[in-house]
Amino acid sequence: MAAVATTTAQKITTTDIEESSSPYPHILAPLDLGFTTLKNRIVMGSMHTGLEDRFYNYGKLAAYFARRAEGGVGMMITGGISPNREGWLLPAGGTMNTKADVLNHRRVTQAVHKHDSKIIMQILHSGRYGYHPFSVSSSAIKSPITPFKPRKMSIKNIEQTIEDYARCATLAKEAGYDGVEIMGSEGYLLNQFLSSHVNQRSDEYGGDIYARMKFPLNVVRAVREAVGSDFIIIFRLSMLDLVKDGNVMDEVITVAKALEEAGVTIINTGIGWHEARVPTIVTSVPRAAFVDFTHEVKKHVSIPVMASNRINMPETAENILAQGQADLIQMARPFLADPDWVNKAKTGDTDRINTCIACNQACLDHTFQHKRSTCLVNPQACYETELVYKKSKKPQKVAVVGGGVAGMSAATVAAKRGHDVTLFEARDVLGGQFNYAKVVPGKEEFFETIRYFTTELAHQGVTIHLNTKVDKALLDDGGFDHIIIATGVVPRSLAGRLEGAELPQVISYADLLSGKKTVGQTVAVIGAGGIGFDVSEYLTANHGQPLHELGEETLKDPDYRPTPQPIEDWREEWGVTLDSDYQTDGGLVKREPITPVRQVYLMQRSAGRLGAGLNKTTGWVHRAHIKSHGVIQISGVQYEKITTEGIWITNPQGHSQLLRVDSVVVCAGQESVNELMPNVADAPNAEYHLIGGAKLAAELDAKRAIRDGAEVAAAI
Ligand code: NAP
Ligand code: SF4
């Protein structure tokens, strides 16, 4: 057997800190692994981009990784690559089984090494999460999130799979990878063996933790034997299963110690199985909500331990390392949002970091739709070779009308390319609809997007005119070559459509979420789209300060940030243990009941479940939230009229019914504002472009708006 690597978690020394001129010396300190050195403590975690599944996309995959390596990250981990067919996540997913695979992957490793970064290939066997009929697991128990019942692995099958892991790792080494990560968390195959939640075997691979960890440990030993001692092996260990019959912390520690013994170089953190009913990465999860579990494991091993989950800004990462809670920080989505994250932290340009807002809309939701990942706030992510911002050879005079995210995206990209850009905004603040989203409890990250674009507009030298309602004459007189209309949307008013909609107790979501108006103790919300849900959460949440108390001026202050929900509160709300040395199965405890601050009725005219159209990876969290906040949900209603008593509806049973409410908030979608867009017959002097909500209000979508802006500006 190959000698076991003897890496120990290296303490960050005073010299490391003194040598750094950055405000974040701990995250930038190198880490000596004995046989190789990581240049800093920041690791880009594994993400499935969709590019790894097809050989013809490996050029794009190489460009994607190279761009992040250029941005200064110390080490990156690829999306999951299966060691065999049974382990596929999706049919014909990415593989590393043959010499042809080696050649494809070599394009990636070579591109990364040019920029002095390290790249690790993740070996992921999906087990019962495999979306295909060949899936296998420790026991033949179907997962609640896949339609296929897995086959129970025989001993021969287990032994063959161990060989497959070893072969896959050997090929990864041949392809130039600096190491492999063995995926043992998030409810995938090895986690299915480690935990009694699925492992109900009575042979040598089932029973107590020593038997349940036998297969994962044998995988590690076989991989170490195959790759030798000078190759990084990361094991991603589930530190908190968050499922019934999940492991307790003592068992997690037992596995961690055995992994160290078996030759693992670094232990990475996994939190929650994919089927867990506790959110682990969405935006309402407080930053660094699970770090104390990583810290607990770190106390019991001497190899480096990596923290993860909802870490997206340098201050958070720096604090974790400075307090000795972990040795490395893994962030995944923040590198989709900003490939230059590390270089910006190095120079102290934190305000220029394009922060991942943990929305999942363009990354994880795309994965579930079998679409290529990208990023809502950075449409170049995974499109590095296609959406290119080349310097313009013939700089133009460009006007952008509207300072919402579509307009800010267009103005930033156009100016970056060398155009002379002027941005006009009718209000006294930039950010458009994001100003409403940012005040919803659990959506505090939306402040960061406005901060990023505002900083970037200044950095790129865009001239900004706030409080400027643009008319045709202003545009005609401005001598612009290009005019980008990004005037957005207005909330759909029901005045003239529903009797009583003009009454003072009937307000739009915009008036509510800008702090202009407030509501009483009982409220009816008309419209159960994303905004109806947001408003219901805002009205019932018992944390955060009411906007009418804060006042509009506070909300406009660029330095103001609301206090997010404290981690302890959030854990109590979702039933996650407060004890890092927990003895409850999977770390689950009884949820603390919420006392909502108002009674809310949320309604829609369509039949069926409310929130059915919300996004796959976040919708369930919103639905669970409003349920626990006591929101009464009614679908299939007809609105009859609003009176001073409340709102009259025809309920789904066909009866007229009065809901006695103090206030009604209208969340009935939006209408485009695009009257500045000329007709062809007007023969305008400039070339006009219509983008974002101004172009299409239906399914008003920040992802489309930001991409629209970037694409138009990239083409000028
Ligand atoms: P939306 O999703 O289109 O929902 C509009 C709601 O208004 C629907 O429930 C619709 O239901 C109702 N409605 C439409 N016309 C109406 C009328 N004339 N009278 C009464 N009710 C009417 O729009 P949104 O909620 O404003 O959201 C806008 C966009 O932002 C969406 O694309 C959404 O996905 C996104 N967003 C998402 C989230 C999230 O995921 N959490 C949060 C905020 C925004 P009925 O027609 O059945 O009554
Ligand atoms: Fe983060 Fe949203 Fe971008 Fe995904 S799409 S990387 S969650 S900002």
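Three residues of domain 1 stand out here. R277, P279 and P286 supply 19% of the area that domain 1 buries against domain 3, more than any other three residues. The model is predicted.

How many residues of each domain are in contact? On one side there are 34 residues of domain 1, and on the other 24 residues of domain 3. The centres of domain 1 and domain 3, taken over C-alpha atoms, are 35 Å apart.

## How the protein is divided

The protein has three parts in this division: domain 1 covers 14-368, domain 2 covers 397-491 + 671-715, and domain 3 covers 506-669.

One salt bridge is counted between domain 1 and domain 3. D292 and R571 form a salt bridge through their side chains, at 2.6 Å from N to O.

Which elements give two or more residues to the side of domain 1 that touches domain 3? They are strand β9 (232-240) and the helices α9 (249-262), α10 (291-298) and α14 (364-368). The residues on this side of domain 1 divide into 20 nonpolar, five polar and nine charged.

## A salt bridge within a helix

The structure holds 34 salt bridges. One of them joins the side chains of R167 and D164, at 3.3 Å from N to O. Where do these two residues lie? Both R167 and D164 are in helix α5 (residues 155-174). They are three residues apart, about one turn of the helix.

## Around ligand 1

There are 22 residues around ligand 1, and A528, I531, R605, S606 and Q670 come nearest. R492 has a polar side-chain atom 3.4 Å from a nitrogen atom of ligand 1. For H622, a polar side-chain atom lies 3.3 Å from a nitrogen atom of ligand 1. G530 takes part through its backbone: one of its polar backbone atoms is 3.2 Å from an oxygen atom of ligand 1.

## Around ligand 2

Which residues are around ligand 2? Among them are the cysteines C356, C359, C363 and C375. The list also includes R333, L336, I357, A358, N360, A362 and L376. This shell divides into nine nonpolar residues, one polar and one charged.

Key. Residues are numbered from 1 along each chain as its sequence is written. Chains are lettered from A and ligands numbered from 1 in the order in which they are written. This is a predicted model: local features need pLDDT of at least 70, side-chain atom pairs count only at pLDDT 80 or more; totals for chains, interfaces and linings use all residues. Side-chain values use heavy atoms; hydrogens and water are left out. Domain bounds come from an automatic or database domain assignment. Contact means heavy atoms within 4.5 Å. Buried area is the accessible area (1.4 Å probe) that two parts lose on being put together, summed over both. A salt bridge is a side-chain nitrogen of Lys or Arg within 4 Å of a carboxyl oxygen of Asp or Glu. Helices (H or I, at least four residues) and strands (E, at least two) are DSSP runs, numbered from the N terminus. Ala, Val, Leu, Ile, Met, Phe, Trp, Tyr, Cys and Pro count as nonpolar, Asp, Glu, Lys and Arg as charged, and the others, Gly among them, as polar. A residue is near a molecule or strand if one of its heavy atoms lies within 4 Å of it. A polar contact is a pair of N or O atoms within 3.5 Å; within protein, one must be able to donate a hydrogen and the other to accept it, and residues adjacent in sequence count only if both atoms are side-chain atoms.
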